[in-house]
Amino acid sequence: MGDKKKPAYIQYLFGGLSGIGATCVVQPLDLIKTRMQISGIGGATKEYNNTFDAITKIVKREGTLALYKGLSAAIMRQATYTTTRLGVYTSLNDTYRQKTNRAPHLLESMGMGMIAGAIGSFVGNPCELILIRMTADGRLPVAERRNYTNFFNAFIRIAREEGIFALWRGCIPTMGRAMVVNAAQLASYSQAKSYLVESGYFTEGIGLHFTASMFSGLVTTAASLPVDIAKTRIQNMKVAAGEVAPYKNTIDVIVKVVKHEGIFALWKGFTAYYARLGPHTVLTFILLEQLNGFYNRQFMGGQGPKSGL
């Protein structure tokens, strides 16, 4: 009984369900974050003063439902990216615990997170690209909007109009961001949980999961936002035939942002990003912990770790 392990497909299923549940709550904040990151491109006048100004202007111009633009793409992103990354990480974590009979150290957790992030982001890149385009579309002039009606419409049109490989545009910066995000998010969550339990002030439960998640979200926001901005701008590029793309790669984006907008522009939308990432991290991990706990109690007789993280 002690060697009992959840089937791999359960790890992936729980990862996807937890990510989808969290996304349905925080999608408006993801849209705000994207809009703020692409404002001021090419030295243009800053469109939004802060997160609250962005919310006000978007609702006034496009209506309240505009905050949920791209929801179908966001759900598909979670069904691919989050399902894969959390499934891979949880499987690696469980295998490590079974073979060594101990929790992984910080560097080991970071390594697992980077592997999980790279694999997950490659699988989910088409959904990521479509999500960026759908959430950014409303700020373009009417004549220039892509007007995708849903995820599948966007997928088919991009493949037909730009070629199937266009769906993996920005894959390298996306994988780079995902490696940073997952190394920071998954490792900091695992380590925060361990430290909080060892402090004697916390025991296994939602309070522990919430506190560890909020800490993880803050660390992840600070570490990954510059890479996320680079990824967003590359994926949102609209390059006509014969035109030169405004950005070559991640480094080129970062250099141009610093040159034209200042060093702190690399953390543009920090409040919106953390407001989105913090709750998303909390909801994702709490849902994942609850699903794992339920499965362990119902189908494993309470065997194995209470959490896969």
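I take helices from DSSP runs (H or I, at least four residues; strands are E, at least two), numbered from the N terminus.

**Ground rules.** I am working with a predicted model, where local features need pLDDT of at least 70, side-chain atom pairs count only at pLDDT 80 or more, and totals for chains, interfaces and linings use all residues. I count residues from 1 along each chain as its sequence is written, and side-chain values use heavy atoms, with hydrogens and water left out.

**Helix H2.** I looked up its span: H2 (residues 51-62) has 12 residues and reaches 16 Å from first C-alpha to last. That is close to the 16 Å expected at 1.5 Å a residue, the expected span being 1.5 Å times one less than the number of residues.

**Its two ends.** At the N-terminal end I found Asparagine 50 as a cap, with a side-chain oxygen 3.1 Å from the backbone nitrogen of phenylalanine 52. After H2 comes glycine 63, with a positive phi near 95 degrees.

**Its two sides.** I call a residue buried under 20% relative accessible area, exposed over 50% and partly exposed in between (1.4 Å probe, protein chains only). Thr51, Asp53, Ala54 and Ile58 of H2 are buried. They lie on the same side of H2 because they cover an arc of only 155 degrees around the axis, taken from the directions from the helix axis to the C-beta atoms. Phe52, Thr56 and Lys60 are exposed on the other side. Helix H1 (8-38) and helix H9 (270-299) are among what covers the buried residues.

**Aspartate 252.** I then turned to helix H8 (residues 250-261), which holds aspartate 252. Aspartate 252 counts as buried because its relative accessibility is 15%. Leaving out residues up to four places away in sequence, I see aspartate 252 touch Pro246 and Tyr247, with contact meaning heavy atoms within 4.5 Å.

Key:
A polar contact is a pair of N or O atoms within 3.5 Å; within protein, one must be able to donate a hydrogen and the other to accept it, and residues adjacent in sequence count only if both atoms are side-chain atoms.
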